[in-house]
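Hello,

Here is the model we talked about handing over. My notes follow it.

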Amino acid sequence: MNAAVLSNDEVIQVSPLSAHIGAEIGGVDLTRPLSAEQVAAIRAALLKWRVVFFREQFLSHEQHVAFSAQFGELTVGHPVFGHVEGHPEIYSISKFRKATRFEGQALLRPWTGWHTDVTAAVNPPFASILRGVTIPPYGGDTQWTNLVIAYEKLSAPLRQFVDGLRGVHRFAPPPGARGTGAFAQAVEERALVAEHPLVRVHPETGELALYVSPGFLKHIADVTPRESQVLLELLWEHVTRPEFTVRFKWEAGSVAFWDNRSTAHLAPTDIFDLDFDRQLYRTTLVGDVPVGPDGRASVAIEGSPVGAAAAIALN
């Protein structure tokens, strides 16, 4: 356990959960405004451990928004699939989300379901903050992976090769599945497509992350379809290696806060085999436009940057 000693005898405990990613933070009440020292300590833990967790934080929507706003500007709940009525910054993560459900039998592969949030936008969120409200007594765990260590563990020749590649990200059903009518309508009305570097430079730490969101990255630019398929499958298999990951068991009042610039995560599917309900709520913070090691920034193919203007447009 690491302890960050702050003013007024405050102490934040940071307890790492795995070798490369994930730490639980104690000694802080998220329902109240944080001191500047507390904000700095939590942000430092976030940058080091990629995702941090809090327990027994029973936040209202308003408190969730207020906590999030201490770390950056909030986006609309979701730029394509909307927000909780009356709370434009909140997105509902329920067991049955009509707008984001797929039909048919998807082609299941080891990386199926893994994704980095909203990478179809030219400026994907800097961070996501998810709180648990209704949690099943078992099942429903979420997993995260460290995209920085994944990049570092590639061989040197492969790192050099992928440094200059770029990929196209969009919202689309996984192979073998099809979107519901609600999904298709939302994607058509608020289309987001972006080209990002396969490797992005972390804007705060300067680290390089393998930016290959399996759920959104559809193909590598300027290579043949077969070359794209084989290389992406290699990279997706690599980033989801178990030793790069952490698995979190939710409880009511749990909060997960992750750096969207250096992680991907996997939402649970075992909950659909259980009779229990599951309800979480998420906020996201406005992100920057990714830049690759070659200095080239991402470009929007369709849609606008995600930020405060998007939230206003959806009200």
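Gly-167 sits across from Ile-220 of β15. Strands here are DSSP E runs of at least two residues, helices are H or I runs of at least four, and both are numbered from the N terminus. This is a predicted model: local features need pLDDT of at least 70, side-chain atom pairs count only at pLDDT 80 or more, and totals for chains, interfaces and linings use all residues. Residues are numbered from 1 along each chain as its sequence is written, and side-chain values use heavy atoms, with hydrogens and water left out.

β10 (residues 166-170) pairs with β15 through three bridges, in the antiparallel sense. Two strands count as paired if DSSP finds at least two bridges between them. Both belong to an open sheet of four strands, ordered β15-β10-β12-β20, with antiparallel pairing. β15 and β20 (299-302) are its edge strands, and each pairs on one side only. From one strand to the next, the twist averages 30°. Axes for that angle are lines fitted to C-alpha atoms, and angles run from 0 to 180 degrees between N-to-C directions.

A further open sheet has four strands in the order β7-β18-β9-β16, again with antiparallel pairing. β7 (114-115) and β16 (245-248) are at the edges with a single partner strand each, so one side of each has no neighbour in the sheet. Four bridges join β9 to β16. Thr-145 stands opposite Thr-245 of β16.

Look at Thr-263 in β18 (residues 263-266). Thr-263 is buried, at a relative accessible area of 0%. Buried means under 20% (1.4 Å probe, protein chains only). Its side chain reaches the backbone oxygen of Asp-259 at 2.7 Å. Beyond neighbours within four places in sequence, Thr-263 is in contact (heavy atoms within 4.5 Å) with residues including Ile-21, Arg-50, Trp-144 and Thr-145.

Now the helix. α6 (residues 225-239) has 15 residues, and at 1.5 Å a residue it should span 21 Å; its end C-alpha atoms are 21 Å apart, which agrees. The expected span is 1.5 Å times one less than the number of residues. Ser-228, Leu-231, Leu-232, Leu-235, Trp-236, His-238 and Val-239 are buried in α6. Down the axis of α6, the buried residues fall within an arc of 155°, so they line one face of the helix. That arc is taken from the directions from the helix axis to the C-beta atoms. The buried residues of α6 pack against β9 (142-146), α3 (147-152), α4 (156-162), β14 (208-210) and β15 (217-220).

Best wishes

Terms used: Buried < 20%, exposed > 50% of the residue type's maximum accessible area, 1.4 Å probe, protein only. Polar contact = N/O pair within 3.5 Å; in protein donor to acceptor, adjacent residues only side chain to side chain.
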